[in-house]
Amino acid sequence: MSGAEEREPGGGGPAASSSAAASSSSAGLGEAAGPAAAAGPEEPGLLLGGARPHAEPAADPDAPPKKRLKVAGAGGAEGSVKLEERLYSVLCCTVCLDLPKASVYQCTNGHLMCAGCFIHLLADARLKEEQATCPNCRCEISKSLCCRNLAVEKAVSELPSECGFCMRQFPRSLLERHQKEECQDRVTQCRYKRIGCPWQGPYHELTVHEAECTHPTKTGNELMEILDEMDQTHKKEMQLYNSIFGLLSFEKIGYTEVQFRPYRTDDFITRLYYETPRFTVLNQTWVLKARVNDSERNPNLSCKRTLSFQLILKSKISSPMECSFLLLKGPYDDVKINPVIYHFVFTNENNETEYVPLPIIDSVECNKLLAAKNINLRLFIFQIQK
């Protein structure tokens, strides 16, 4: 008893020492926790030891779109991104990054290209004398190696797209009809535009405008001036068709299918040109040559593309030969060419015409020709006899 009593003031034996250790550890924990432990139930978000729960990652507004989308998905906000928006990035063209409007082509590795970009890649490669490649994986592409992806075309046609007039959303397959026939905000013209009314406005305002339009009340002299301008335009079109009909009445008429094949000049910087094999029309031997952008040094750097051609008489003739000629699209091509009639008098000394424009509608149609392996057209020659 005396021994126990002697030890009691100093710490109370084993029980006292264990309780002292527990109190010291509690004190140490309280010191480590610091203000967090003292806060107690006032801050339920804090865990034991002052640790905070896992914070949601914040999306950086300056990050690329794919990174922002990934961060949003990690934070549980993936459902806020519409399915249509996610499909846009999956189905868009790898070149222009826009949804295709018509045909969709894919390389051998499945990367998608809209028809316009696909044709442009092939045309650029032809001008640079290179093999066209996919901009994503650099595999070779051509009309024989690439195929259309009908599933993507159908999927894109069902995606919603915004009307440019009323801002409402419609499936892409129905959007064109809506914008042309149904949209009340589509731009339309007054029915009196044929007599000079310049009004343009939304369709829902058309009735009000036509009720107030002053052109129906114009005098005959005022209307005659307007109609004269319209007649001049119509007259030029009729002159062309009358000229063609007149040429068809000639005695000596010849036509043939011609195939332009690509070649390169022998210059230090080679240039692309086209030439046909020799062919016979009207008992004479001829050759056609064509060049891009009038032999511009780097036509691949230009957005505007044109073709011009030259008709060459290879036969020897005994007397001058006056001819009219024109080029039209071939029977299996879909390129759009406006008919233009050219005239030339061929002699043994002057047997080559100047380079004259091939009347293609625009650069898109020119790219279609350049992207093809060969250019197939139809040549008409009319011999004028005096």
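How many of the residues in the chain are buried? Buried residues make up 32% of the 386 in this chain, where buried means under 20% relative accessible area, exposed means over 50% and partly exposed is in between (1.4 Å probe, protein chains only).

**A few notes before you look.** This is a predicted model, so local features need pLDDT of at least 70 and side-chain atom pairs count only at pLDDT 80 or more, while totals for chains, interfaces and linings use all residues. Residues are numbered from 1 along each chain as its sequence is written, and side-chain values use heavy atoms, with hydrogens and water left out.

**View 1. The whole chain and its confidence.** The chain has 11 helices and 16 strands; helices (H or I, at least four residues) and strands (E, at least two) are DSSP runs, numbered from the N terminus. Contact here means heavy atoms within 4.5 Å. Take the contacts between residues at least 6 apart in sequence: 51% of them join residues at least 24 apart. The mean pLDDT (the predictor's confidence in each residue, from 0 to 100) is 78, and 77% of the residues reach 70 or more. Confidence is lowest in helix H3 (residues 35-39), with a mean of 41, and highest in strand E14 (residues 342-346), at 95. Over residues 1-57 the pLDDT is below 50, and this stretch has 13 contacts in the model beyond near neighbours in sequence. Residues 63-78 also have pLDDT below 50, with 14 contacts beyond near neighbours in sequence.

**View 2. Helix H11 and what covers it.** Why is helix H11 (residues 363-371) described as largely enclosed? Because seven of its nine residues are buried, the rest of the structure largely encloses it. The buried ones are Ser363, Glu365, Cys366, Asn367, Leu369, Leu370 and Ala371. Their cover includes helix H6 (115-128), strand E9 (272-275), E11, E12 and E16.

**View 3. Arg305, tucked into a loop.** Look for Arg305 in the loop between strand E11 (284-292) and E12. Is Arg305 buried or exposed? Arg305 is buried, with a relative accessible area of 2%. Its side chain makes a polar contact with the side chain of Asn367 (2.9 Å). A polar contact is a pair of N or O atoms within 3.5 Å; within protein, one must be able to donate a hydrogen and the other to accept it, and residues adjacent in sequence count only if both atoms are side-chain atoms. Not counting residues up to four places away in sequence, Arg305 touches several others, among them His120, Asp124, Asn293, Ser363 and Leu370.

**View 4. The largest pocket.** This pocket has a volume of about 530 Å³. Of the 23 residues that line it, the closest to its centre are Ile119, Asp334, Val364, Asn367 and Lys368. H6, H11 and E16 are the elements that give two or more residues to the lining, and H11 gives the most, with six. By class, the lining divides into 10 nonpolar, seven polar and six charged residues. Ala, Val, Leu, Ile, Met, Phe, Trp, Tyr, Cys and Pro count as nonpolar, Asp, Glu, Lys and Arg as charged, and the others, Gly among them, as polar.

View 5. On a 1 Å grid over the protein atoms alone, a cavity is a set of points where a 1.4 Å probe fits but cannot get out, while a pocket is an open set with protein on both sides within 12 Å along at least five of seven lines; lining residues have an atom within 4 Å of a point. Grid points are joined across faces, edges and corners, and a volume is the space filled by probe spheres set on the points. The search of the whole structure finds one cavity of 30 Å³ or more, and the largest cavity has a volume of about 50 Å³. Its lining includes Phe260, Tyr274, Leu307, Ser308, Phe309 and Ile375. E12 (307-313) supplies the largest share, three residues. The lining has nine nonpolar, one polar and no charged residues.

**View 6. Ser315 beside Thr285.** Ser315 sits in the loop between E12 and strand E13 (321-329), and counts as buried at 17% relative accessibility. The side chain of Ser315 reaches the backbone nitrogen of Thr285 at 2.7 Å. These two residues are 30 apart along the chain, yet their C-alpha atoms are separated by 5.3 Å.
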